[in-house]
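Hello,

Here is the structure I promised to pass on to you. Have a look at it first, and then read my notes below.

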Amino acid sequence: MKKSAFIAVALLFISGLVFAGNLSDIESMTAGSFPRGLVIADVDGGRGNDLVVANFGAPTLIGQENTVEPVSSIMVFKGNARKDLACGKSPRGLAAGDLDNDGIADIVASNYGDGTISIITGKGAKTTTLPVGKFPVGVAIGDLNGDKRNDIAVAVYGENKVVVYLNDKKDGWVKLEAAVPGSPTDVAIGMLGNDQVLVSANYTAGTASIFKVRNGVLEKTADVKTGGGPCKVEIADVTGDKIPDLVVANFYDNTVSVLRQNAAGTLDDQVVYKLNGLHPNGMAVADINNDGLADVVTANRDSDSIDILTQKDGVLSLSLSITVTGGDKKEYGPVEVAVGDINGDGFPDIAFTHMSTNTVRILYQQKVTAGADKQPVFVEDINSTNTYNYPNPCVDKTTIRFSLAAPVDVRVVISDLGGKLVWSRALPASDLRAGINSVDWTVVNDFGARAANGTYILNVIAGDKTITKKIAVAK
């Protein structure tokens, strides 16, 4: 086994890779109440992909019971058209794949509130409901027993188990289940060690469990260490050797772990990549820049941001961090993310559900016009959207973040509401870089005394631009 490695990326930078095009402004579409699950697939047999959203319907965090009656729904968006589909109570996870061998992707939703899954086939015309257990979360579709029929796997958070429904041609849906060390939130199906396997992200155990279906039994073959609070898991080649790896988003650690599959078919210890954002609740693995290599996109729930890690020479690099709304409230923003061609132009787009605003949002990748006099630019200059502090309100420390298109001298000034200077810092251009920069305020004045509770004015001055925000201090 190789020793674990940790790769920290403290500040945003532009990697040597060039994206296929420029990313558009964020397009926002109204979804239902508290949207969570998200998938991009052609589920109606028409031209192009659809965007499928699961509207959870209540402000319920994982492991909690709904305190209100949820307004649950599944919405399918194609262009400007929307279709609503029936589902169970509080749909949370979504997966798409062909379950009835008709060549059209079907939908599976985990219904957190009633302990079931909804299998939606026939272009949304038929819904089958199957029991799985308390608080089902992540779902996956894939062939687990080699019969060339797609099966369904579910992470059942409230009962510390995974459930598989084998898609048996003769007997219909055949249920298997197995215990995991602690509170699984996601599952993935793919090839590891020359076998088709199921992997679960065990949120409270800090591990991932690997299962195979053997002789009609769901058998666990390994538990592997991940970061803190593994909440999303994918099987994909992110090390460039054409062998699938295990990729995990760690909610508590604000990291992505990569466990490389070596030539012997076993997994090396994790390599850990630090994110810019806080609490990666969603993750997608796809070739985002059309270079033939799989990249990683995370939806960072509590920093209102999306991080993009691109692959080069077997290593992931944090190439872009995007602030989503720019508001003072950063919590409960992007919760799930998916990558796929939504508008049919041949370029992969990024979609994410935004829980606090009841929207689904899209970043379209746009082709660079031939002969254009400048390359695609993914670093924004300082503006109101990408300048903010977190946490806000704060108690004893807050981090002030801002973006620069190029290094310039920056002055950070905090004043009270009467305009009296409280604290300031001069940041020379030599200490800054293109991309996201940050400075911490430990909630003291320039003399080292603690700032009183209340509201303060933050000014970030970069060149001839001044961005003004408010900071709340509370014990």
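Eight aromatic pairs turn up when the whole structure is searched; rings of Phe, Tyr and Trp (its six-membered ring) pair if their centres lie within 6.5 Å, with planes under 30 degrees apart counted as stacked, over 60 as edge-to-face and the rest as tilted. Tryptophan 441 and tyrosine 456 form an edge-to-face pair, because their ring centres are 6.0 Å apart and their planes stand at 70°. This pair links distant parts of the chain, 15 residues apart: tryptophan 441 is in strand β36 (residues 435-441) and tyrosine 456 in strand β37 (residues 454-462). Strands (E, at least two residues) are DSSP runs, numbered from the N terminus. Both tryptophan 441 and tyrosine 456 are buried (under 20% relative accessible area, where exposed is over 50% and partly exposed in between, with a 1.4 Å probe and protein chains only). Elsewhere, ring pairs join Tyr157, Tyr203, Phe251 and Tyr252 into a cluster.

Now to the loops. The loop between β32 (388-390) and β33 (398-404) holds proline 391, and the peptide bond from tyrosine 390 to proline 391 is cis, with omega near 0°. Proline 393 lies in the loop between β32 and β33 too, and a cis peptide bond with omega of about 5° joins asparagine 392 to proline 393.

As for how to read all this, the model is predicted: local features need pLDDT of at least 70, side-chain atom pairs count only at pLDDT 80 or more, and totals for chains, interfaces and linings use all residues. Residues are numbered from 1 along each chain as its sequence is written, and side-chain values use heavy atoms, leaving out hydrogens and water.

Best wishes

Key:
Helices (H or I, at least four residues) and strands (E, at least two) are DSSP runs, numbered from the N terminus.
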